[in-house]
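Biologist: Can we walk through this model together? Start with whatever term we need to begin.

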Amino acid sequence: MNQSFFIGAVGAHQQLKRLGVHGNNVANLNTYGFKAEKGRFTALMYNHTQAVENEDMPYGVGTALWHTDTDFSMGPPVDTGRPQDYMIEGNGFFAVVDLTTNDVTLTRNGSFYMSELQRNSGEVDEDGQPVMQQVWYLSDQEGRFVLSETGGMIEMDPDHADDIQPVGIFDYANYNGMQHLNDTRFRAVEKNGGLRIGTGTLRQGMLENSNADFAEEITKVIESQRAYQMALRMVTTSDEIETTINGLRT
């Protein structure tokens, strides 16, 4: 089979993956704290590589989407006036903890709420059972709790919702390789370095909008669509050439 057939097939498949990356950026244009991703391509092997017993390993053709980089630049501020909304001006992340797994993750989405937890008051009732009390904490919209500057959960008084203990800002030496868990949450990996206090400035009553640029993302989407069409045209043309050659042989 002509190599152009495989080059076109690989190209079409990879452009679909690239289209998914930029399509997701477009879908999150209005998601607070969202960080856009950029696709990075690499060339596949073009030469045979000698393997065991002097056999040649098959080589690749075309290019492949190697990985995606996250753009951590700051998005535009949005003034909400809501006391539980926070924005970080500069570097750093909010930290949220999932009490079911004790997993601490990072986010730039500072749209927080008051959530109720049942906590042991340290007293017992007449039957000897512990008395539970309702306690309110600052949390995200998915059941995780926001950490303060000292690393503890932020307790709130529902009658004084504006009076909130300072929200913590945490940071790392570099963001390369940080796991993008969902639209707005991240997890640090070993090469990000040690956790440190962030240098960013906390802004209450404001949120950070998505840093995805609509003009740039829609341009990339159109580029991916056109490249996908060209790759498929290469596949069909290669097939027509093979069909013609097979017809001549008969």
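Modeller: Buried means under 20% relative accessible area, exposed over 50%, partly exposed in between, with a 1.4 Å probe and protein chains only. This is a predicted model: local features need pLDDT of at least 70, side-chain atom pairs count only at pLDDT 80 or more, and totals for chains, interfaces and linings use all residues. Residues are numbered from 1 along each chain as its sequence is written, and side-chain values use heavy atoms, with hydrogens and water left out.

Biologist: Is S238 buried or exposed?

Modeller: S238 has a relative accessible area of 2%, so S238 is buried. S238 belongs to helix α2, residues 214-249. Helices (H or I, at least four residues) and strands (E, at least two) are DSSP runs, numbered from the N terminus.

Biologist: What does S238 touch?

Modeller: S4 and F5, not counting residues up to four places away in sequence. Contact means heavy atoms within 4.5 Å.

Biologist: How many helices and strands are in the chain?

Modeller: The protein chain has 2 helices and 18 strands. Buried residues are 35% of its 250 residues.

Biologist: Switching to cores. Which residues touch the most other members in the largest nonpolar core?

Modeller: F72, F93, L106 and M178, out of 14 residues in that core. Strands β7 (94-98) and β10 (130-139) each supply at least two residues of this core. A nonpolar core is a set of buried Ala, Val, Leu, Ile, Met, Phe, Trp, Tyr and Cys residues joined through side-chain atoms within 4.5 Å.

Biologist: What is F72 in contact with?

Modeller: Leaving aside neighbours within four places in sequence, F72 contacts K35, F93, Y175, M178, F186 and N211.

Biologist: How many aromatic pairs are there?

Modeller: The count is 8 aromatic pairs. Rings of Phe, Tyr and Trp (its six-membered ring) pair if their centres lie within 6.5 Å; planes under 30 degrees apart count as stacked, over 60 as edge-to-face and the rest as tilted. F72 and F186 make a tilted pair, 5.2 Å centre to centre, with 50° between the planes.

Biologist: Where do F72 and F186 lie?

Modeller: F72 is in the loop between β4 (63-70) and β5 (77-79), and F186 is in strand β15 (residues 185-187), so the pair ties together parts that are 114 residues apart in sequence. Both F72 and F186 are buried.

Biologist: And F93 with Y175, what is that geometry?

Modeller: Edge-to-face: 5.2 Å centre to centre and 75° between the planes. F93 and Y175 are 82 residues apart. F72, F93, Y175 and F186 form one aromatic cluster.
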